[in-house]
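Here's a quick briefing to read with the model open in your viewer.

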Amino acid sequence: MKKLFLFAAAVCASLQTGMACTGISLFAADSSYVQARTIEWAQSALESRYVIIPRGHSFTSQTADGKGGKTFTARYGVAGLSVVRPEFIAEGINEAGLSAGLFFFPGYGGYLPFDEKHRHHSLADLQVVQWMLCNFATVDEVIAGIGQIRVTGLVPEAVVHWRIGDRSGRQVVLEIKNGIPEFHENTVGVLTNAPGFEWHLANLKNYVNLHPGDAPGMRLGSVTLRPLGSGSGMLGLPGDATPPSRFVRAAFYRATAPQRATATETVMQCFHLLDNFNVPVGIEHPEGKAPDIPSATQWTSAIDLTHGKIYYHTAYNRDIRCISLEEIDFGTVKYQFHPMDDSQVQPLKQIRIE
């Protein structure tokens with residue numbers, strides 16, 4: 001266990017140069033609510049798993065000293081997608097319809113240091129999603145319950161913030177600064193990484209000139225200028241992989257996406273939108289130094305909060321898979337976790353011509 005803990009801490013410390021997650025949310029015309037996201041890490045495979053937590057299963061949080069912190073028991077059944085270790089759920093949903101996910105937040109968030117006097121209230125930041133989903137049914141309950149814990153980091157560099165939503169369609173962002181939790185209503189329906197959420201909202205004002213469709217032609221002296229192609233109304237949309245640029249792109253793609261009729265159609269739309277945020281592995285490394293993984297975007301997920309379903313595909317296999325909570329008896333199922341890919345090979349279908 002100690003060896004695994006040290007391995008996890010080392011992995012978390014290196015996330016500072018490799019995380020670039022992008023989250024969006026959409027409503028279907030039938031009022032179904034979907035939260036989707038990418039998860040990136042450009043250093044090596046994240047060893048991600050899907051995790052099933054039954055009601056009544058107990059956990060003890062990891063702490064920086066390796067002796068353990070807060071103990072809690074699952075009130076609700078949970079299905080989630082983890083990184084590095086099964087306890088580190090990065091995105092998930094519980095049977096009450098609460099969904100939560102963590103996003104890397106370097107340089108702007110900050111927790112209180114671990115204190116032996118508060119051991120039994122101390123919860124590792126990478127287990128906050130697990131704790132939320134095990135204990136609460138709504139955003140309001142999370143806000144009311146955050147005072148039960150003292151969030152600490154396993155290593156100082158690996159700071160995160162969280163997106164939390166429920167079946168009502170309400171979504172908030174939780175950021176912890178100087179040890180103080182701050183909740184922000186997320187009406188724009190987008191989240192990336194640093195800086196803070198309110199900074200990203202203010203930054204959107206730099207792009208008030210953008211609009212869907214084509215820009216009108218104009219006269220420049222004696223010359224008539226016309227757009228070179230379609231979509232010129234969005235000219236100036238930032239295209240790099242930094243968190244501010246991804247936030248702006250995601251906000252405009254989400255706002256201009258046509259509303260789909262059903263939850264399933266909306267889930268598929270989320271996957272198409274998030275294809276625009278896949279990060280090629282090579283751009284974050286010196287030439288010839290990229291690791292042997294197919295993409296820095298290691299998986300993409302979409303969660304239908306209304307019907308309790310998790311959809312995902314990975315960099316190794318882009319076939320979309322689904323876990324339906326309605327098909328799980330959380331009173332009898334065993335705690336379990338499994339690799340997100342049975343094998344890291346993309347299935348190919350040969351088309352035969354006769």
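V84 sits in the loop between β6 (78–83) and β7 (85–94). Keep in mind that this is a predicted model. V84 has a positive phi of about 70 degrees, even though it isn't a glycine.

- Most residues other than glycine have a negative phi, and most peptide bonds are trans.
- With a relative accessibility of 8%, V84 counts as buried, because the cut-off for buried is under 20%.
- You'll find S31 in the loop between β1 and β2 (33–40), where S31 is exposed at 56% relative accessible area.
- The peptide bond from A194 to P195 is cis, with omega near 0 degrees, and P195 lies in the loop between β14 and α4 (197–203).

**The open sheet**
- Six strands line up as β14-β1-β2-β17-β18-β19, with antiparallel pairing.
- β14 (190–191) and β19 (321–324) are the edge strands, each with a single partner, so one side of each has no neighbour in the sheet.
- β14 pairs with β1 (residues 23–27) in the antiparallel sense over 2 bridges, and I24 has V190 of β14 as its bridge partner.

**A nonpolar surface patch**
- M218, L220, V223 and L225 make up a nonpolar patch on the surface, together exposing about 350 Å² of accessible area.
- β15 (218–220) and β16 (223–225) each contribute at least two of the patch residues.
- L225, in strand β16, is partly exposed at 34% relative accessibility.

Conventions: Residues numbered from 1 in each chain as written. Predicted model: local features only at pLDDT ≥ 70, side-chain atom pairs only at ≥ 80, totals over all residues. Heavy atoms only, no water. Pairing = 2+ DSSP bridges. Helix = DSSP H or I, 4+ residues; strand = E, 2+ residues; numbered from the N terminus. Patch = residues over 30% accessible without salt bridge, like charges linked within 9 Å, V, L, I, M, F, W, Y side chains within 5 Å. Areas by Shrake-Rupley, 256 points an atom, 1.4 Å probe, with all protein chains shown as cover. Salt bridge = Lys/Arg side-chain N within 4 Å of Asp/Glu carboxyl O. Buried < 20%, exposed > 50% of the residue type's maximum accessible area, 1.4 Å probe, protein only.
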